[in-house]
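Here are some notes to read alongside the model. Keep the viewer open and look up each residue as you go.

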Amino acid sequence: MPATTRKIDPLRRIILKSASASGAIGVLLASGLLRPTGVLAADWNRPAFTATSLPDAIKASGLTGSAESSGIVIKTVDIAENGAQVPLEVVSNIAGSQTIAVFVDKNPLPLAASLSFAKGALARVRLQLKMAESSRIRIVVRAADGKTYHASREVKVTLGGCGG
């Protein structure tokens with residue numbers, strides 16, 4: 001067998017496997033057995049994320065009646081030069097933490113993030129916030145027993161980051 005035929009054979013196999021896999025996915029999509037929108041469109045709480053006041057956002061999130069806790073560690077800057085990028089790290093040392101919600105009191109839409117954790121996962125998150133102005137960042141954690149806990153920290157912003 002010529003050397004060129006040996007080089008083409010593996011490439012041909014890869015192309016044929018890819019084509020058959022694409023065909024199988026196409027058949028599943030067409031038959032309705034595979035729904036990418038079901039996977040990509042995760043459930044989200046529209047009323048909580050579109051609420052324009054902090055009490056409304058907390059109520060829509062179902063996180064009312066929380067108790068203050070020192071088990072929530074908030075790491076961020078005291079003064080943010082640019083409100084468009086405020087670094088935040090949150091660690092929940094509360095046993096059985098299932099969700100962490102991040103609220104920025106004076107933002108046009110106070111609920112900045114809502115994260116869910118699988119059972120046994122370390123409830124720790126690092127993200128960049130957008131802050132319209134100097135404000136209090138409020139973290140609310142829901143534990144597996146249904147109880148909610150909160151902690152907060154003030155951050156001063158010198159240049160607003162929410163278009164204001």
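The points below start with the whole chain and then move to single elements.

1. **What you are looking at.** This is a predicted model, where local features need pLDDT of at least 70, side-chain atom pairs count only at pLDDT 80 or more, and totals for chains, interfaces and linings use all residues. Residues are numbered from 1 along each chain as its sequence is written, and side-chain values use heavy atoms, leaving out hydrogens and water.

2. **Confidence.** The score here is pLDDT, the predictor's confidence in each residue, from 0 to 100. The protein chain averages 85, and 79% of the residues score at least 70. Among its elements, strand 2 (residues 72–76) has the highest mean, 97, while helix 2 (residues 36–40) has the lowest, 51.

3. **Overall layout.** Helices (H or I, at least four residues) and strands (E, at least two) are DSSP runs, numbered from the N terminus. You'll find four helices and nine strands in the protein chain, in the sequence pattern α-α-α-α-β-β-β-β-β-β-β-β-β. A contact means heavy atoms within 4.5 Å; among contacts between residues at least 6 apart in sequence, 64% join residues at least 24 apart.

4. **Surface and interior.** Of the 164 residues, 30% are buried. Buried means under 20% relative accessible area, exposed over 50%, and partly exposed in between (1.4 Å probe, protein chains only). The chain exposes about 10,400 Å², with carbon and sulfur atoms supplying 57% of that; the areas come from the Shrake-Rupley method with a 1.4 Å probe, and for residues only the protein chains shown count as cover.

5. **Helix 4.** Which residues of helix 4 (residues 54–61) are buried? They are Leu54, Ala57, Ile58 and Ser61. These lie on the same side of helix 4 because they cover an arc of only 95 degrees around the axis (the arc of the directions from the helix axis to the C-beta atoms). In general, an α-helix has 3.6 residues a turn, so residues three or four places apart point the same way. Pro55 and Lys59, on the other side of helix 4, are exposed. The cover over the buried residues includes helix 3 (46–50), strand 5 (97–104), strand 6 (111–116) and strand 8 (135–143).

6. **Ser61 and what comes next.** Ser61 belongs to helix 4 and counts as buried because its relative accessibility is 18%. Leaving aside residues up to four places away in sequence, Ser61 touches Asn45, Ala48, Phe103, Leu111 and Arg142. Gly62 follows helix 4, with a positive phi near 75 degrees.

7. **The 2-4-7 sheet.** Three strands form an open antiparallel sheet in the order 2-4-7; two strands pair if DSSP finds at least two bridges between them. Strand 2 and strand 7 are at the edges with a single partner strand each, so one side of each has no neighbour in the sheet. Strand 4 (residues 86–92) is joined to strand 7 by six bridges; Leu88 stands opposite Leu127, and Val86 opposite Leu129. Strand 7 (residues 124–129) has Val125, Leu127 and Leu129 on its covered face, with Arg124, Arg126 and Gln128 on the uncovered one.

8. **Strands 5, 8 and 9.** Strand 5 and strand 8 run antiparallel, joined by seven bridges, with Val102 partnered by Ile139. Eight bridges link strand 8 to strand 9 (residues 148–157), again antiparallel; there, Arg136 stands opposite Glu154. Strand 8 and strand 9 form a hairpin with four residues between them, and Gly146 in the turn has a positive phi of about 90 degrees.
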